[in-house]
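Colleague: I'm new to reading protein models. Could you walk me through a few features, one at a time?

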Amino acid sequence: MTPRPLTPLTPRALRTRWAVQRLARLGAAATPAAAAAARSGMPRGAAPAPARPALEAMGLSFASPLLLAAGFDRRGCLLADAAALGIGGIERGSFGAALAGCRPLFPPAASRRDEAGGGRVAPPPRRGLSLLVPPYGEANGAEALGRALAAWHAGTDYVVLNPARAPVGPPELVELLAGLGALRERLVRPRRLALVAKLPAAWMEGDDRLAWAHRLVEAGADGLLVCAEGAAERACARLAELSAALGPRVCLISVGGIDSARVARARLQAGARLLQVHRALLAAPAVVAGLLAGIGALPRTRGD
């Protein structure tokens, strides 16, 4: 069989790989002894900042409201250093359902004990998985998503159903989410799998956005990933609107344009429980370190 030629990485992909390696070095430098202990499988201390109460969302405990968005650390390379960096979770992917025949992407997660907290159990970095929605009408698309969920759920805390650039709309996402929700109830797991629906920024401009948000929650969504790419100036208004309509039971996750602690604080105050960052982490190391520290130090809001 002729080997498939390697596809050159785009400039953005190269910058992302460099940024992942740089963050790993920052994490190791923050707590070198803890990073070494994590790599050897021993208990490790968490972040250099004082221990804080866990943030509860979607039935999960997060050490920080800060998550890495899908596409940044696709394979979870930063898990060992996530706590030292102030990161509460890493979202793998995005992956197409056609890869469901691969071996599990993550080993099952386990809690770590905080050495400085007298043996108190600290929440591990949460492991997300972004599944790409197949084009509507694609043969066996829903079945392929189900196979992917069955194959990968064991090493995952929450799954994001991501429309990305697929030619689908809210009705198709509701239908697919309902199918995954039914499958979720049959999975054998120690903890219920959380399901999240991603809402592209364009969907948030329609007059029926609140009605579709309700439909997604009724179909089984524990959280909504509200994208503000290209519409960051309206992000807080949309979050406040969704928060008022859906109440505290639904976890709102904000992504897009979060490049400072000031912006992060505004999103949290508007109703987001969790924040995702990506492009801001491609900046200079000092900027990245300041961003991570600033967001990690933000006061908890809305009862967290």
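Modeller: Gladly! Keep in mind that this is a predicted model. Let's begin with burial: a residue is called buried when its relative accessible area is under 20%. Q276 has 3% relative accessibility, so Q276 counts as buried.

Colleague: Where does Q276 sit, and which residues is Q276 in contact with, leaving aside its neighbours within four places in sequence?

Modeller: Q276 belongs to strand 12, which covers residues 274-277. Beyond those sequence neighbours, its contacts include L67, A69, L225, I253 and V255. E91 is another of its contacts, and the side chains of Q276 and E91 are joined by a polar contact of 2.5 Å.

Colleague: Now helices. How far does helix 5 reach from its first C-alpha to its last?

Modeller: Helix 5 runs over residues 170-184 and reaches 20 Å, close to the expected 21 Å. Here is a general idea: an α-helix has 3.6 residues a turn, so residues three or four places apart point the same way. In helix 5, the buried residues include L173, L176, L177, L180 and R184.

Colleague: What covers the buried residues of helix 5?

Modeller: Among the elements covering them are helix 4, strand 8, strand 9 and helix 6.

Colleague: And what about A54: where does A54 lie?

Modeller: A54 is in the loop between helix 2 and strand 1. Sequence and space tell separate stories here: A54 and P123 are 69 residues apart in sequence, with their C-alpha atoms 7.2 Å apart in space.

Definitions and conventions: Residues numbered from 1 in each chain as written. Predicted model: local features only at pLDDT ≥ 70, side-chain atom pairs only at ≥ 80, totals over all residues. Heavy atoms only, no water. Helix = DSSP H or I, 4+ residues; strand = E, 2+ residues; numbered from the N terminus. Expected span 1.5 Å × (residues − 1). Buried < 20%, exposed > 50% of the residue type's maximum accessible area, 1.4 Å probe, protein only. Contact = heavy atoms within 4.5 Å. Polar contact = N/O pair within 3.5 Å; in protein donor to acceptor, adjacent residues only side chain to side chain.
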